[in-house]
Structure formats: structure tokens, C-alpha cells
Amino acid sequence: MMRYIHAGFYPWLLNSKIEIGKRFYAVSKMSWNSLGVFQPVFIHTFGIGSQIIIGDDVGISGCTITALEKITIGNRVLVGSGVLITDNDGHSVNPIDRHISNDIAVKPIVIGDDVFIGARAIILKGVTIGNGAVIGAGAVVTKDVPAYGIVAGNPAKAVGDSRRAVLEHRAEKLS
Ligand SMILES: CC(C)(COP(=O)(O)OP(=O)(O)OC[C@H]1O[C@@H](n2cnc3c(N)ncnc32)[C@H](O)[C@@H]1OP(=O)(O)O)[C@@H](O)C(=O)NCCC(=O)NCCS
């Protein structure tokens, strides 16, 4: 299992940190995920005081999580292969300043407990994903997702409710 977890270039100088809870599972090897992975897990902070906080029992397959400010991930979250979670734009949208300033838009991301993020989804800056939500494969999430919502597409929109999925599953088992 190869992975790269990297608290900034000089974490002691930048006061950045990555905290990971108990029983964390990171898959970076092709054959260890049913879909395969095309990159190792890469978790990276790179600003002054930037933080990534990950809860307990979180499982992640070949994906990038990168914070300039803060990304919080709850307990029992599953992150699919090829996902990108970034709290910043990487470069300024202003073409005049792009090469000379650090005017990079940044807003923290909060991912609640029991969230499932499908393969190749992208979670962009400022998004809060509520507990129990599901993010469809390939979704580009630009707005908050309510607790137990199921969203998909680009930009991601509601396509269901994970509570209903639980009820339907139970009803099927009983019938
Ligand atoms: C989001 C997801 C959970 C929804 O599953 P579901 O509740 O069974 O939803 P349905 O297949 O009934 O689709 C509901 C609607 O959403 C659309 N939809 C579902 N998944 C979508 C996706 N990933 N992107 C775009 N639209 C999607 C469907 O086309 C359908 O649209 P319609 O109502 O206009 O016909 C599922 O499609 C998905 O993306 N799963 C993740 C798979 C994955 O990445 N696995 C990796 C595991 S590590």
C-alpha cells in the first residue's frame, strides 16, 4: 500500500497539519480496489495553518485531497477511486495577477459522517456535504449537499435520498 500524505513543504514553519482517525484505510494499489486505481492516495496541505482532519473508519482509494485552508472529513466516509477534493482554485481567476500573486480563492470543505463519494467525483471549495449523503460517480459538486441527499452530474444536482434507499432495501428484504 503506497500513499503520499504530506503536511506542506515545511509543516513546522507553516503550522499546517494532517490528522487521521483510527482504522484509516487508503488503497493505492490497482488490484486492491474493485474499480482499480490510477493514482496513489495523495493527501496534501500547503498553506500557512492549513489542515486536513479525517475521522475514524474512513476508507479512501487512489484520490487527491488537498487543502490550502481546511478540509474536514467525518467518520465512516468512503471515497472512491480518482476523486479530487480541493478547497482552493490553485491559481487566480484574474489573468493579470495569475503568475505574480497568491490571490487564490479558498473556502473550507466539510464532509459529514457516513458520506459515500463515488468514483471520479470532484468536490470543490466551500462545499458542505451533510451526514449520510451520496455523491454520484463523476459528479462535480459546487454547492452544499443536504444530509442524506444523493447528488450526481455536473454541476451536481439532487437525484435521490439515501434514507429512501434504506427503506426500500428493508422493504425488499421483508417481502
Ligand atoms: C449516484 C448513485 C448512487 C445513484 O444510484 P441510484 O439511486 O440507483 O440512482 P438511479 O440509477 O436510479 O438514477 C437516478 C437518476 O440519476 C441519474 N444518475 C445516477 N447516477 C448518476 C451519475 N453518476 N451521474 C449523472 N447522473 C446520474 C440517472 O440517470 C437517473 O436520472 P433520471 O431520473 O433522469 O432517469 C449511482 O448512480 C452512482 O453514481 N454510484 C457510484 C458508483 C461508484 O462510483 N462506485 C465506486 C465505488 S468505490
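Me: Which residue in strand 18 is the bridge partner of Val151?
Reply: This is a predicted model, in which local features need pLDDT of at least 70 and side-chain atom pairs count only at pLDDT 80 or more, while totals for chains, interfaces and linings use all residues. Residues are numbered from 1 along each chain as its sequence is written, and side-chain values use heavy atoms, with hydrogens and water left out. Strands (DSSP runs of E, at least two residues, numbered from the N terminus) pair if DSSP finds at least two bridges between them, and strand 17 (residues 149-152) is joined to strand 18 by four bridges in the antiparallel sense. Within strand 18, the partner of Val151 is Ala158.

Me: Which strands stand at the edges of the seven-stranded sheet?
Reply: The seven strands form an open, mixed sheet in the order 3-6-9-12-15-17-18.

Me: At about what angle does helix 2 run to strand 18?
Reply: Helix 2 (a DSSP run of H or I, at least four residues) spans residues 162-174 and lies across strand 15 (134-135), strand 17 and strand 18. Contact here means heavy atoms within 4.5 Å. Axes are lines fitted to C-alpha atoms, for helices over the stretch in contact, and angles run from 0 to 180 degrees between N-to-C directions. On that basis, the angle between helix 2 and strand 18 is about 30°.

Me: Which residue of strand 5 stands opposite Lys17?
Reply: The sheet of five strands is open and parallel, in the order 2-5-8-11-14. Strand 2 (17-20) and strand 14 (128-129) are its edges, each with a single partner strand, so one side of each has no neighbour in the sheet. Strand 2 pairs with strand 5 over four bridges, and opposite Lys17 is Gln51.

Me: Which residue of strand 8 is the bridge partner of Ile52?
Reply: Strand 5 (residues 51-54) also pairs with strand 8 (residues 70-73), in the parallel sense and over four bridges. Ile53 stands opposite Thr72. The partner of Ile52 is Ile71.

Me: What is the omega of the peptide bond from Asn154 to Pro155?
Reply: Pro155 is in the loop between strand 17 and strand 18. The bond from Asn154 is cis, with omega near -5°.

Me: Which backbone lies 2.6 Å from an oxygen atom of the ligand?
Reply: The residues around the ligand (a heavy atom within 4 Å) include Leu35, Gly80, Ala119 and Ala137. A polar contact is a pair of N or O atoms within 3.5 Å; within protein, one must be able to donate a hydrogen and the other to accept it, and residues adjacent in sequence count only if both atoms are side-chain atoms. A backbone N or O atom of Ala137 is 2.8 Å from a ligand oxygen. The 2.6 Å distance belongs to a polar backbone atom of Ala119.
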